[in-house]
Amino acid sequence: MAKPNALSLYQKVELQRPLQRALDVTIFFLLLALLAYRLLLVRTHGLCWLYAIAFLCESWFAFFWALTANLTWTPVHYQTYPQRLLKRVEELPPVDVFITTTDPMLEPPIITINTVLSLLAVEYPANKLACYVSDDGCSPLTFYSLSEALKFAKIWVPFCKKYRVEVRAPFRYFSDDLSSAGSSEFQYEWRRMKDAYDTLNQRIDAAAKSFTFSDLVGDLTDFSNTKPNNHAPIIKVIWENKEGIEDGLPHLVYVSREKRPNITHHNKAGAMNVLTRVSGLMTNAPYMMNLDCDMYVNNPDVILQAMCLFKDPIIHGEYAFIQFPQCFYNGLRDDPFANQWIIMMQLMMRGMAGIQGTAYMGTGCIHRRNVLYGQSPNEANINEKHYDDELYKTFGVSKDFVTSATRVLRSVEDYPNCLADSIKATHEVATTDYEHDSHWGSKVGWQYGSVVEDVLTGMLIHKKGWKSAYIVPTPPAFLGCAPSGGPIPLNHHKRAITGLLETLISKNSPIVTALSDNLQFRQRMFYLWIYLASVQAIPEICYALLPAFCLIANFHFLPKVQEPVICIPLLLFVLFVLRQMLGYIETDQSVRAWWNNHRMDMIKSMCACLLGVVAVLLKILGLSETTFEVTKKESASSSDDTESSDRDLGRFTFDESPMFVPITTITMIQLAALAIGFLGTQPGRREFGVGEVTCSAWLVLCFWPILKGMFAKGSYGLPRSTLFKSSALAFLFVYLCPTSTE
């Protein structure tokens, strides 16, 4: 490893992974060899639809494997040096932070205020920081909780900085009893903080249980007669650091944009664009960080670490955004639902960072404001002669906002001094009709047209030629709440698949714009890998049905045991498993974690991916619209986890969703095929299809939670309606399979 440059604020280190590269190449050539075998079969035995389907599926697998190998081929790691930053940069730049929440029932306010409190306490000058909380549910409870949290923040933030507290989200910090640790002064202060936080928690819980419209007095009167989908914009400055005190509290602003029935509001992307405009009028910081309401700041130096790349004089202006990994504090042992994304965050995202840059993941990211305003890397700052008409067409009709946007695009550091002076103007840019006849959502801000607005927005930034970086600090920058249970992560995956497929078939597809954008070739392969994952279910389901069909109909689609070519699929299986397990070993995970993630990948493909494809097809046909589903958040602490509770929480649960019908049907088909194969009920069977039996048995093992759900009861069992539909479909498949007597 090269010695870090004494003048550099960061170091970019290429990670060497020769064994993984060798396995990637070997697997790819084995896939090509399998395709060659298929072509030889056609030449010697003639064209058969069974071999044709196998050839098409295996061709897809080979192509997709090439995309996957490209993704992990040149991983890099960024090492930052915040200490050098503080010595070299005279004045740190302002940062606006956006926190988004939607539904106080699905996203309890206590979670949101913990994220806010952790942010207010970061190691960054308070007079350079502003926190904007977007409440898309227009909940008086959320506003009340933030107002109460401010009172606690006035004692919590000084406590954190005085004792250099590492974990600055109170609900996590107080999960450990430190009342007997440190000096007597610390013990007294700790108990005082704990009592104050418990009081805050009790007030919010009491308000959640008994809140009525008669309680809407004072600042809460603006919430009278409001509904989540029908209200005027509400923007309130909860706290303003008027004196610009560096060690005080950052600005805290509540934002609830206008909503009206039957008017499209573009979900999270729309909320982010409103926050961008409101903050542009109030503080207009050149950098913007966004967080989901459950992603609290776990590393107090996170903003300083990002500034090491943004402010490095050697590459100044090269990166459009800095992405941090999504990590979780409530992950179950061995990741039974594959929702901790460790392989994605630790390996794949580092591989992306080695190309043109990692994707934008929608949270834990710091953007340059001028980039989201549509500026390209080599585009000169706009001058005085820039036509006002063009600016109004781009940014909307607000003269005040166009003026603030012009300052950003001219790189003028002129920030507003008083937030209250901007309140009237902010209401104008938070209305439902402000974006009409403007470029918001298309050329400016967060992009519309997909429920995964984050990936789309990041891709369009990369298409302009910008780069991005990926920092993995220790401890993790942010920690969030991982969804638990069976249907929840599957619904989350279905939403992602739906959004990815929407983009793949849109005008923004990396295929459509191949000749007109500035994506690097390997970066385009990376985005193809992301978007084509949305249709991965189709070849996987087809291939999963082939061994069952062969066992039922007395056919073969795999080489026979006595044929030397059997070593190709056998080696493919062994090397693929080895390649996967190496990643889990590299990230300090167990073999059980690998198995859980492998089977969940299969389950997600057969459940969520398939329904995501169906949802987009229905949208194309005009029969339905895709919807943005908010994931339920739960507050938990690792200290509450025990081995027994892990086992209980790790059990798969089911509901009435049609999502479970396809995979239950496939499981039943595999069981029927194995029974027919072992019992030998087909007439004229000459030999046993060992390869086909192995494939079917492997699938049954992968779908073991589904098999258990067939016989369990309650939420751990499959509903009768699902069992009935799947049984009928499985019987129909077996009945329609032709039987060969050759």
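Student: Which residues touch the most other members of the largest nonpolar core?

Tutor: Please keep in mind that this is a predicted model. In the largest nonpolar core, which has 174 residues, Trp156 and Phe703 touch the most other members. Helix 20 supplies the largest share of this core, 13 residues. Apart from it lies another core, of 39 residues, including Tyr132 and Trp446.

Student: What is Trp156 in contact with, leaving aside its neighbours within four places in sequence?

Tutor: Among its contacts are Leu117, Ala121, Tyr173, Phe174 and Met193, where contact means that heavy atoms lie within 4.5 Å.

Student: Why is Val614 called partly exposed?

Tutor: Its relative accessibility is 37%, and the class in between runs from the buried limit of 20% to the exposed limit of 50%, so Val614 counts as partly exposed. Val614 is found in helix 20, residues 591-620, and together with Leu618, Leu621 and Leu623 it makes a nonpolar surface patch of about 380 Å².

Student: How do you know whether Glu107 is buried or exposed?

Tutor: Buried means under 20% relative accessible area, and Glu107 has 7%, so Glu107 is buried. Its place is in the loop between strand 3 (95-101) and helix 4 (109-120).

Student: Which residues does UniProt list for "binding site", and why can we say that they gather at one spot?

Tutor: The unreviewed UniProt entry lists Glu107 and Asp136. Although they span 30 residues in sequence, no two of their C-alpha atoms are more than 11.3 Å apart, so they gather at one spot.

Terms used:
Residues numbered from 1 in each chain as written. Predicted model: local features only at pLDDT ≥ 70, side-chain atom pairs only at ≥ 80, totals over all residues. Heavy atoms only, no water. Patch = residues over 30% accessible without salt bridge, like charges linked within 9 Å, V, L, I, M, F, W, Y side chains within 5 Å. Areas by Shrake-Rupley, 256 points an atom, 1.4 Å probe, with all protein chains shown as cover. Salt bridge = Lys/Arg side-chain N within 4 Å of Asp/Glu carboxyl O. Helix = DSSP H or I, 4+ residues; strand = E, 2+ residues; numbered from the N terminus. Buried < 20%, exposed > 50% of the residue type's maximum accessible area, 1.4 Å probe, protein only. Core = buried A, V, L, I, M, F, W, Y, C linked by side-chain atoms within 4.5 Å. UniProt positions renumbered as here; feature names shortened; annotations may be inferred.
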